[in-house]
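Here is a short briefing on one structure.

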Amino acid sequence: MNGSLDIANLRRLYQSGELTPLKLVEELLARMAGEDAHHIWISRLDADTLRAYARTLEGQDIATLPLYGTPFAIKDNIDLAGLPTTAGCPDYAYSPERHATVVQRLIDAGAIPIGKTNLDQFATGLNGTRSPYGACRNAFNPDTISGGSSSGSAVAVALGLASFSLGTDTAGSGRVPAAFNNLVGHKPSCGALSTRGVVPACRSLDAVSIFALTAEDAERVLAVAAGFDTEDEYSLPLAPYGFDFGRAPNFRFGVPMAKDLEFFGNTEAERLFSEAVERLRTLGGTPVAVDLAPFLETARLLYGGPWVAERYLAIRDFFDAHSDKVFPPVREIIAGGRDISAADTFDHLYKLRAAKRICDAVWDDIDVMLTPTAGTIYRVEQLQADPIRLNSNLGYYTNFMNLLELAATAVPAGFQNDGLPFGITLIAPPHQDAPLLHLASRMQQALGGKLGATNHPLAPAEPLKLLPDGQVRVAVVGAHLSGLPLNHQLTERNARLVATTQTAPTYRLYALPDGKRPGLIQVQEGGAAIACEVWEMPASQFGSFVAGIPAPLGIGKLKLADGSCVNGFICEGIGVADAQDITGYGGWRAWLAGRVLIVP
């Protein structure tokens, strides 16, 4: 097969006829033959079943299936009919009769499931060593941890056995393995991906996550997998994301204060994080120092309060009857949830509410926050010798995320001198999934490098707009321009300046008789390009903005210099009967500057 398994490359190969889903399945079967030295898989679909999935795609239109012939792996706490779900515990295993909602959506979009991947048992851990199926080994150095709990899901993608994979992320399990295996790991807004058919860790906090080679691939998968599920009480539809800071030329990003940065003695990780801060600055970001202390205080609630009881509740019947079958560090953690009282629960819920109020205020000053994904990485033997403390270190930057209902994307950020990957995480409020992935894409492109551990170069990013932004663009030519008297009507509606440009050369501009406003008229002949600004505002605010526009002005479709059309100010022809033609000035600002007397 030519090139990597990233989705864009696969689609090119399928469309050209160089590859078919059946040929890809045969290639993957050859790759997976022999010993599973990294302990990636708990179970795999047999060859005949994989071929059957591929044959169902024969003759289908690639354009109608966004994941046509795309192989994916599934963490073994997510149901795939035809294989047992073990949650990393053989004695817990059951055979689901149907796919989890998220798996079904992916298959319906043309994706091919490969099998079920290894994990820290009951999704309790961030390291990948807590499994009776063997410690899952890092894709770059098998003596090093893979990260967990979604360990096998990450390594499968990094080693070229799947294009993407599903994990779960309650405390960082969809981000830490991404960082340790040079992948993108997207933890969606809570509820965006259904958890029906997922063995709970903490049901109120769980999120299904996505591992992918590129941010574009993660966005493709998210667009297919997301959606409201009436069978999942925690399901929430993704709301429009609004301002796309990920593609904006300028944005503000939070960076933890030096007092809160922790690399556990890893100077290479510290160096790479500093480089990531500078890289984000070169992309148009303005760094803003953020006090991470309230976030870290929130993180301590996760394993010091009722959410440990929720882990116990998730498998209570099994645990009470078979606790000896549970991996020792996992057993120790879950057993701690037995004695937490209702009063303790409410006490911690009150603390969380207070902490969230403090943490939410951070987003008034920044669009996105940047942190390391993990401060350091450990060898397998180190983790096994000190499993609780070192695992806790891995969650330093991740444990607060779902408690605060945030979305996050882990992104590769270079390699240490020992050849191991380092990753950073971009964090934003809920529903900002698309902007996070767009910024992650820009960071990947700025860094360059290879995909996963398969030594395939990163291809140019493919701009996508798969998720609704809920924004309306409007071009202004007069008193609504930046710094002019009516600009506040835009800014008070949370509008942001997108571009300073010109109209197509098919307009004439008139100063209306009151001297305070211009009127723009489209003409067939004798037109010129007129200076304008394009602003973007929430669609929910657009109606009130239009309602306040007085005659003879109105909103219509305005053609810009690049040929695109946006909503924009236009004028009724009768309104310019007694108006002064100021087209020659090229714009309202130029005319104002050239007047001897400026009317206020």
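Is D514 buried, exposed or partly exposed? D514 is partly exposed, at a relative accessible area of 33%; buried means under 20%, exposed over 50%, and partly exposed in between, with a 1.4 Å probe and protein chains only. The model is predicted, so local features need pLDDT of at least 70 and side-chain atom pairs count only at pLDDT 80 or more, while totals for chains, interfaces and linings use all residues. Residues are numbered from 1 along each chain as its sequence is written, and side-chain values use heavy atoms, with hydrogens and water left out.

**Salt bridges**

- The whole structure holds 24 salt bridges (a side-chain nitrogen of Lys or Arg within 4 Å of a carboxyl oxygen of Asp or Glu).
- D514 pairs with R517 in a salt bridge, with the closest N and O atoms 2.9 Å apart. R517 is buried, at 18% relative accessibility.
- R51 and E26 form a salt bridge, with 2.6 Å between the closest N and O atoms. This pair links distant parts of the chain: R51 is in helix α3 (residues 47-55) and E26 in helix α2 (residues 21-31), 25 residues apart. Helices are DSSP runs of H or I with at least four residues, strands are runs of E with at least two, and both are numbered from the N terminus.
- R51 is partly exposed at 22%, and E26 is partly exposed at 34%.
- A network of salt bridges links E26, D48 and R51.
- R271 and E268 form a salt bridge at 2.7 Å between the closest N and O atoms. Both lie in helix α8 (residues 267-282), 3 residues apart, about one turn of the helix. R271 is partly exposed at 30%, whereas E268 is buried at 16%.

**Cavities**

- A search of the whole structure finds 3 cavities of 30 Å³ or more. A cavity is a set of points on a 1 Å grid over the protein atoms alone where a 1.4 Å probe fits but cannot get out; lining residues have an atom within 4 Å of a point.
- The largest cavity has a volume of about 60 Å³, the space filled by probe spheres set on grid points joined across faces, edges and corners.
- Its lining includes A179, F180, T373 and F422. β11 gives the largest share, 3 residues.

**Surface and loop**

- F346 lies in helix α13 (residues 342-360) and is partly exposed at 46%.
- A551 sits in the loop between α18 (539-547) and β19 (553-559). A551 is exposed, at 59%.
- A551 and G575 are 24 residues apart in sequence and 8.0 Å apart in space, C-alpha to C-alpha.

Notes. 1 Å grid on protein atoms, 1.4 Å probe; cavity = no way out; pocket = protein on both sides within 12 Å on 5 of 7 lines; lining within 4 Å.
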